[in-house]
Amino acid sequence: MNVIGFGGVFWRSSNISELKKWYKEVLGIPLDNEWNGTIFPSKEGNETIFSLFKEDSDYFPMEQQVMLNFQVEDMNECVKHLQKLGISLLKEPEKSEFGTFTWIADPEGRRIELWEK
């Protein structure tokens with residue numbers, strides 16, 4: 001057996017309608033259907049990474065078991081969009097050998113990583 005990719009990411013929410021609206025407005029992720037989800041078709045150059053962190057890692061909040069990382073096409077445009085919406089960055093964009101990263105939080109406080117390859 002070989003795993004060929006992620007089939008989905010699922011979590012519970014105390015306010016699905018508010019979260020659906022936020023993800024569509026802020027990140028452009030449409031969730032307007034009865035199953036409250038979206039499909040990301042594969043695009044050339046897009047990657048999905050599965051990575052484990054030590055339980056005492058401070059890379060994302062200790063009380064958060066999972067952190068989402070969304071790949072964006074243009075970090076500068078992404079930051080401008082977030083600023084226009086009044087979404088605070090938890091950290092200014094940071095460049096590394098792996099790309100450019102920044103962090104925001106959704107309305108339920110989950111840290112989300114945005115990444116430009």
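This is a predicted model: local features need pLDDT of at least 70, side-chain atom pairs count only at pLDDT 80 or more; totals for chains, interfaces and linings use all residues.
Visitor: Why is F98 called exposed?
Guide: Exposed means over 50% relative accessible area, buried means under 20%, and partly exposed lies in between (1.4 Å probe, protein chains only). F98 has a relative accessible area of 56%, so F98 is exposed.

Visitor: Which residues is F98 in contact with, leaving aside neighbours within four places in sequence?
Guide: They are W115 and K117. Contact means heavy atoms within 4.5 Å. F98 and K117 are 19 residues apart in sequence, yet their C-alpha atoms are 6.7 Å apart in space.

Visitor: What makes the D106 and R110 pair a salt bridge?
Guide: A salt bridge is a side-chain nitrogen of Lys or Arg within 4 Å of a carboxyl oxygen of Asp or Glu. The closest N and O atoms of D106 and R110 are 3.0 Å apart. That meets the cut-off, so the name applies.

Visitor: Are D106 and R110 buried or exposed?
Guide: D106 is buried, at a relative accessible area of 5%. R110 is also buried, at 16%.

Visitor: What joins D106, E108 and R110 into one network?
Guide: E108 and R110 also meet in a salt bridge, at 2.8 Å from N to O. E108 counts as partly exposed, at 31% relative accessibility. Salt bridges that share partners join D106, E108 and R110 into one network.

Visitor: How do you know that K80 and E77 form a salt bridge?
Guide: Their side chains meet at 3.5 Å, N to O. The limit is 4 Å, so the pair qualifies. K80 and E77 are three residues apart in helix α2 (residues 75–85), so about one helical turn separates them. E77 is partly exposed, with a relative accessible area of 46%.

Visitor: How many salt bridges does the structure hold?
Guide: The structure holds six. Side chains of opposite charge can pair when their charged atoms come close.

Visitor: Why does K20 have no salt bridge?
Guide: The nearest side chain of opposite charge, D32, is 5.4 Å away. The limit is 4 Å, so no salt bridge is counted for K20. Here Lys and Arg count as positive and Asp and Glu as negative; His and the chain ends are not counted.

Visitor: Where is K20 found, and what is K20 in contact with?
Guide: K20 is found in helix α1 (residues 16–27). Leaving aside neighbours within four places in sequence, K20 is in contact with L31, N33 and N36.

Visitor: What is the pattern of the protein along the sequence?
Guide: The pattern is α-β-α-β-β-β. That comes to two helices and four strands.

Visitor: What makes the protein as compact as a globular protein of that length?
Guide: The radius of gyration is taken over C-alpha atoms, and the globule rule is 2.2 Å times the number of residues to the power 0.38. For 117 residues the rule gives 13 Å, and the protein has 15 Å, which is close, so it is as compact as a globular protein of that length.

Technical notes. Residues are numbered from 1 along each chain as its sequence is written. Side-chain values use heavy atoms; hydrogens and water are left out.
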